[in-house]
Amino acid sequence: MQVYSVSQITEYIRTILDRDVYLSNVWVTGEVSNLFASAAGHRYFTLKNSEHQLKSVHFSGYYGGEHVVNGAQVIAHGRVSFYSNRGETQLYADSVVPAGEGALAAEFERLRAKLETEGLFDPARKRTLPPFPRRIGVVTSAQGAVIHDIQTVLSARYPLCELVLCDASVQGDEAPAELTDAIRALNRLADVDVIIVARGGGSLEDLRAFNAEEVARAIYASRIPVVSAVGHESDYTIADFVADLRAPTPSAAAAAVAPDVRALSDEVASLTSRSGNAIAYYTAQRTNEIGALVARMQRHLPDTAMHRQRVDELLERAYTGFDTFIRLRREQTDSLRTTLNALDPSSILRRGYAMVTSVRDGSAVTSASNVVPGDLVRATLHDGELEAMVTARK
């Protein structure tokens, strides 16, 4: 016979309960009773109906503590385990909502509170969309009207971009996994600039896939900015809170991710006009500045006209002085020539005079006393010479 201790049995019961996949994620509805709040803010209570009751605990900091009030009908989410110290099976609730909201609404609020606490909705982590995307990824159903609406808007606004559709179910049990796989698949492509996750409107049940935790974490982990466009303007999902941008409709998402080519064209025209005006203004300013500088330079330059006139006057005086000098020198030359001509012996000889020299020694006979009778002399005439003998002197 095998005998077990109390601890062994209680630990075994706790292990069995903790391993149960159904009891680890369960929603329970009932009336709150026997509420006790500890000094730390933990709430201990009983969930009951007309026949049964379940011990429960809701720790401080978990969502929905304000709804845990004696007599309130609530829906609590959590896990069922065994508290061995007291030998009690109890619900460890992590989210509590009023019963009138329904299970889906309760799950939405529970997950929203959980992910918000983890920082998945933090505005500081949301990224700016690229201004001119080349490739836009779309996660939606290929058979729905959503992809047609997105294509229509993008064709009109920004036909330069390429649309990459990643087909995924947007409703049903398979939808969360397909949406998650589609987001991850687009992230594996190197040149997708932005992702739109979209579907049409619907009830909370219809939008259930976009409130799934795995889809929210796939959007959070995306390296590419994500725009959520799920439902109509009044519909919000967990995907909307996690995405970098929430668009009210798929068409609005298409308009948000791509610029309008018409607006771009107008802006380019405006920039061109402004640039032309700026260049013209700059050119006029520089022209005026250059003109002012030239004027300043001209004021500091010497008066070339005055100096040119002075040079002309000096040249005229030089020419006049030179002419006078030449004329005077010519007159002096003519005077000297006349004098020389007058002194030229040949001129004298032409007038009938003769130059007499001694034949003996060639000395000039300038006086009768220079010779004696019998001396031979030579008389030079203008056209020849004569020799004669002195016979007498007087």
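Q: By class, what does the lining of the second largest pocket have?
A: Six nonpolar, six polar and four charged residues. Here Asp, Glu, Lys and Arg are charged, Ala, Val, Leu, Ile, Met, Phe, Trp, Tyr, Cys and Pro are nonpolar, and the others, Gly among them, are polar.

Q: Good to know! What kind of model is this?
A: A predicted one, where local features need pLDDT of at least 70, side-chain atom pairs count only at pLDDT 80 or more, and totals for chains, interfaces and linings use all residues. Residues are numbered from 1 along each chain as its sequence is written, and side-chain values use heavy atoms, leaving out hydrogens and water.

Q: Which residues lie nearest the centre of that second largest pocket?
A: Y62, A93, D94, R110 and K114, out of 16 lining residues.

Q: And which elements give two or more residues to its lining?
A: Those are β3 (53-63), β4 (73-83), β5 (88-98) and α2.

Q: What volume does it have?
A: About 340 Å³.

Q: Now the largest pocket: what's its volume?
A: That one has about 540 Å³.

Q: Which residues are closest to its centre?
A: L104, E107, R208, N211 and A212, among the 22 residues that line the largest pocket.

Q: Which helix gives the most to that lining?
A: Helix α2, residues 102-118, with seven residues.

Q: How many charged residues does the largest pocket's lining have?
A: Eight, together with nine nonpolar and five polar residues.

Technical notes: On a 1 Å grid over the protein atoms alone, a cavity is a set of points where a 1.4 Å probe fits but cannot get out, and a pocket is an open set with protein on both sides within 12 Å along at least five of seven lines; lining residues have an atom within 4 Å of a point. Grid points are joined across faces, edges and corners, and a volume is the space filled by probe spheres set on the points. Helices (H or I, at least four residues) and strands (E, at least two) are DSSP runs, numbered from the N terminus.
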